[in-house]
Amino acid sequence: MAAANGEKGFVVPELEIKYTKLFINGQFVDAVAGKTFETRDPRTGEVIATIAEGDKADVDLAVKAAREAFDNGPWPRMPGCARGRILHKFADLVDQHVEELAALDTVDAGKLFLMGKMMDIPGGANLLRYYAGAADKIHGETLKMSRPLQAYTLKEPVGVVGHIVPWNYPTTMFFFKVSPALAAGCTMVVKPAEQTPLSALFYAHLAKEAGIPDGVLNIVPGFGPTAGAAIASHMDIDKISFTGSTEVGRIVMQAAAMSNLKSVSLELGGKSPVIVFDDADVDMAVNLVNMATYTNKGEICVAGSRIYVQEGIYDAFVKKSVELAKKSVVGDPFNPNVHQGPQVDKDQYEKVLKYIDVGKREGATLLTGGKPCSEKGYYIEPTIFTDVKEDMSIAQEEIFGPVMALMKFKTVEEAIQKANNTRYGLAAGVVTKNIDTMNTVSRSVRAGVIWVNCYFAFDPDAPFGGYKMSGFGKDMGIDALDKYLHTKTVVTPLYNTPWL
């Protein structure tokens, strides 16, 4: 592992934090109680800004604004093409602020600045454009009834939506949720993660500039037990969309059930397997697995953290994987030569280091990494374990850090059994040149997305969501639009009709 924290020769952009208040009914406002909290730069642990802290009283105001905008405002009543035009303008404004938005996610979440400029921020704009194009294509069906009745279905927006967004991909997850809900004609209250509120507040400003009516999009930064709980249990919110841990997902679902039985969609944890077969190109597979495990410092729900390699290439794969991990440059995420930035905050940093210690205590062999690599900030070396048993914590529990667990298998059947030996089912990778193996494994592994000879192959048209305890409901694709729509059936009698 090469450290780059002390290196010069790159420019950190000057960044003014413009938006730190709650955004309710089209205005930036202080919290009712006047409370604030600090958001910190994971590169140093230093405070970036003080943010207004919303709680139940602020959520009540935001929901009131969203309810008024839905029940009496223009957004759900305007033609889909009109909503689409506004979403296109919103996307154009995002594109105009790529550098600033990428910098906000870098200082707030430790994300690579270059990746933010190339992928995250343009990807958010593209999601807006995808759903802008879908906004005027929402329609029901004419039904063929079995008796003299005329019937059809309508697709109607569900109403007021509560979105609870995680900290690992602040921009991507914001648009995963907001874009289809806006296209459907919903109004909403968004709670960004307390670790990463900055870009969401900037997007609120751009949404208003684009022409999204007041009350349609409200942003309430705050903490899960207060603001998040108020959203999940609110009697006037019609739907919750949550991305985060399985433990908190349970709490959200329980609160929804105990309040008004609002519908819930959950994208939760993962412990995704990548299965590498003997016929794979070893160099290609090593690079793919390295990307699957260490992208975004392992802070990604679909990280390929359980790596199963067939015995014929296992030794060569391990050797090359260690060599590649040692070449990884960990350092300031503004440095374009850096591969891995800091974990998002001190809590996550300590959690990852704790899991590394647990892995060693349980008998796994640490081949490389496993240590902090900076005097300040939350940097951890890319880590590889071998001799990992299926029942070890590092093979069963989501670590959300740069930790790879390498395991060996003999047969296709064994690989499938091991891949499915988890309570999660979010994603999986398969590396093989054999189409029969690919077909068998991709149909046998219980996960919401299977990437064959690729990884992180996301696209706006490709639905994404989990099986088992990774949750239910899809982000992206037309499936995501559908979850923000109700289906209503309308039936009238037919008289003197020559046919049904």
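Tutor: What follows takes several terms in turn and sets each against its cut-off; the model is a predicted one.

Student: What makes Ser265 count as buried or exposed?

Tutor: A residue is buried when its relative accessible area is under 20%. Ser265 has 3% relative accessibility, so it counts as buried. Its place is in strand S12, residues 263-267.

Student: Which residues does Ser265 touch, leaving aside neighbours within four places in sequence?

Tutor: Contact requires heavy atoms within 4.5 Å. On that basis Ser265 is in contact with Lys239, Ile240, Ser241, Phe242, Phe472, Gly473 and Lys483. Phe472 is 207 residues from Ser265 in sequence, yet their C-alpha atoms are 5.8 Å apart in space.

Student: Ser241 is in that list. Is Ser241 buried or exposed?

Tutor: Its relative accessible area is 0%, so Ser241 is buried. Ser241 lies in strand S11, residues 239-243. Not counting residues up to four places away in sequence, Ser241 touches Gly162, His163, Ile164, Lys177, Ser265, Lys483 and Tyr484.

Student: What makes strands S6 and S24 edge strands?

Tutor: They belong to an open sheet of three strands, ordered S6-S7-S24, with antiparallel pairing. S6 (142-143) and S24 (485-493) each have a single partner strand, so one side of each has no neighbour in the sheet.

Student: What is the order of strands in the open sheet of seven?

Tutor: The order is S16-S17-S18-S14-S13-S20-S21, and the pairing is mixed. Its edge strands are S16 (365-368) and S21 (449-452), each of which pairs on one side only. Neighbouring strands in this sheet are turned by 25° against each other on average, direction ignored. S20 (residues 427-431) pairs with S21 in the parallel sense over four bridges, and Ala428 stands opposite Ile450 in S21.

Student: Which helices lie across strands of that sheet?

Tutor: Helix H9 (residues 282-294) lies across S13, S14, S17, S18 and S20, at about 135° to S18. Helix H10 (residues 311-327) lies across S13, S14, S16, S17 and S18, at about 140° to S14.

Student: How do you know that the span of helix H6 agrees with its number of residues?

Tutor: H6 (residues 198-210) has 13 residues, which at 1.5 Å a residue should span 18 Å. Its end C-alpha atoms are 19 Å apart, which agrees. After H6 comes Gly211, with a positive phi near 110°.

Student: What makes H6 largely enclosed?

Tutor: Of its 13 residues, 10 are buried, so H6 is largely enclosed by the rest of the structure. Among the buried residues are Leu198, Phe202, Tyr203 and Leu206.

Student: Why are H3 and H6 called roughly antiparallel?

Tutor: Angles over 145 degrees count as roughly antiparallel. H3 (residues 98-109) and H6 pack at about 155°, with their axes 8 Å apart, and the two helices are therefore roughly antiparallel to each other. The contact is made by residues including Leu101, Leu104 and Val107 of H3 and Leu198, Phe202 and Leu206 of H6.

Student: Which residues have the most contacts inside the largest nonpolar core?

Tutor: They are Phe90, Val94 and Val276, in a core of 104 residues. Apart from this core lies another, of 29 residues, among them Ile399, Ile416, Val430 and Val441. Not counting residues up to four places away in sequence, Val94 touches Leu101, Ile121, Ala125, Leu128, Phe175, Tyr203 and Leu206.

Conventions. Residues numbered from 1 in each chain as written. Predicted model: local features only at pLDDT ≥ 70, side-chain atom pairs only at ≥ 80, totals over all residues. Heavy atoms only, no water. Pairing = 2+ DSSP bridges. Axes fitted to C-alpha atoms, helices over the stretch in contact; angles between N-to-C directions. Expected span 1.5 Å × (residues − 1). Buried < 20%, exposed > 50% of the residue type's maximum accessible area, 1.4 Å probe, protein only. Core = buried A, V, L, I, M, F, W, Y, C linked by side-chain atoms within 4.5 Å. Parallel < 35°, antiparallel > 145°, perpendicular 65-115°, else oblique.
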